[in-house]
Amino acid sequence: FVIDRKRVHKIAEALQLMQLDIRVKWTHIGSGPGIDKLRQLCQDICRMNPNISIELPGTMPNASVKDFYSKNYVDLFINVSVTKSVPVSIMEAMSAGVPCLATDVDGVSEIVRDGINGILLPLSDDSKVISNALKRFYELTPNEKVALRKGAFKTWEQDYNADKNYESFIRSITAPINRV
């Protein structure tokens, strides 16, 4: 959602601050009360920097999000919310082997492990913090990026794969009780 606590506009501002000579495409899936203001900000950014393209396709059903990940190579998932338990959106991204850049708030550090499957950011209102983290990511070697992708998928596979977790849970509650 494009709401204040998600701070999606901070991603746009961070892209605007980047001074890299690479093409960057940001796709934000979702909508909300702040979408019109975000759309205007994104249009201004793209006008000023031809290396940046931004797509705002709006809200998508879960199946479409999974389809998006299967049909598009995604370098990095970004979540700069000021509050979040363990975001399902991060689980979805990691299930596709996408490393995550996220603010270290609430339960986010339970899933995003800096240098293992993504980058953890300190909570800050300064968009430069996000921009610097994006630069850090894009300056990684190809092998380092592959390691983050593998780490992201491994995190999902071990800890958040619903099929495995449900099966394990069912086994645990249906197992005979050992009485002494």
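Which helices and strands each supply at least two residues of the lining of the largest pocket? The points below take up this question after an outline of the fold.

1. **Overall architecture.** The model under review is predicted. The protein contains 7 helices and 5 strands. Followed along the sequence, these elements give the pattern α-β-α-β-α-β-α-β-β-α-α-α. Along the principal axes, the C-alpha atoms fill a box of roughly 70 × 40 × 30 Å.

2. **The largest pocket.** Rolling a probe the size of a water molecule over the atoms shows where empty space is left. The largest pocket has a volume of about 1100 Å³. Its lining is made up of 39 residues, and those closest to the centre of the pocket are Thr27, His28, Ile29, Tyr69 and Phe77.

3. **Elements around the pocket.** The opening question can now be answered. At least two lining residues come from each of helix H1 (8–17), strand E1 (24–29), helix H3 (62–71), strand E3 (77–79), helix H4 (88–95) and helix H5 (127–138). Strand E1 gives the most to this lining, with 6 residues. Sorted by class, the lining of the largest pocket comprises 22 nonpolar, 10 polar and 7 charged residues.

4. A search of the whole structure for cavities of 30 Å³ or more finds 1. The space within the largest cavity is about 50 Å³. The residues that line this cavity are Leu15, Met18, Leu20, Ile22, Val24, Asn49 and Ile52. By class, 6 of the cavity-lining residues are nonpolar, 1 is polar and none is charged.

5. **Packing of H1 against H5.** The axes of H1 and H5 cross at roughly 65 degrees and come within 8 Å. This crossing is right-handed. On the H1 side, the residues in contact are Lys10, Glu13, Ala14, Leu15 and Leu17, while H5 contributes Ser127, Lys128, Ile130, Ser131, Leu134 and Lys135. The contact of H1 with H5 includes 5 nonpolar, 2 polar and 4 charged residues.

6. **Packing of H4 against H6.** H4 and helix H6 (residues 142–160) pack at an angle of about 120 degrees, and their axes lie 7 Å apart. H4 passes H6 in a left-handed crossing. Met91, Met94 and Ser95 of H4 make this contact with Ala152, Phe153, Thr155, Trp156 and Tyr160 of H6. Of the residues in the contact of H4 with H6, 6 are nonpolar, 2 are polar and none is charged. The contact of H1 with H5, by comparison, has 4 charged residues.

7. **Salt bridges.** Side chains of opposite charge can pair when their charged atoms come close. The structure holds 8 salt bridges. In one of them, the side chains of lysine 10 and glutamate 13 meet, with a distance of 3.7 Å from N to O. Where do these two residues stand relative to each other in helix H1? Lysine 10 and glutamate 13 are separated by about one helical turn, because they are 3 residues apart in that helix.

Notes. Residues numbered from 1 in each chain as written. Predicted model: local features only at pLDDT ≥ 70, side-chain atom pairs only at ≥ 80, totals over all residues. Heavy atoms only, no water. 1 Å grid on protein atoms, 1.4 Å probe; cavity = no way out; pocket = protein on both sides within 12 Å on 5 of 7 lines; lining within 4 Å. Points joined across faces, edges and corners; volume = space filled by probe spheres on them. Helix = DSSP H or I, 4+ residues; strand = E, 2+ residues; numbered from the N terminus. Nonpolar A, V, L, I, M, F, W, Y, C, P; charged D, E, K, R; others polar. Axes fitted to C-alpha atoms, helices over the stretch in contact; angles between N-to-C directions. Left-handed = near helix turned anticlockwise from the far one by under 90°. Contact = heavy atoms within 4.5 Å. Salt bridge = Lys/Arg side-chain N within 4 Å of Asp/Glu carboxyl O.
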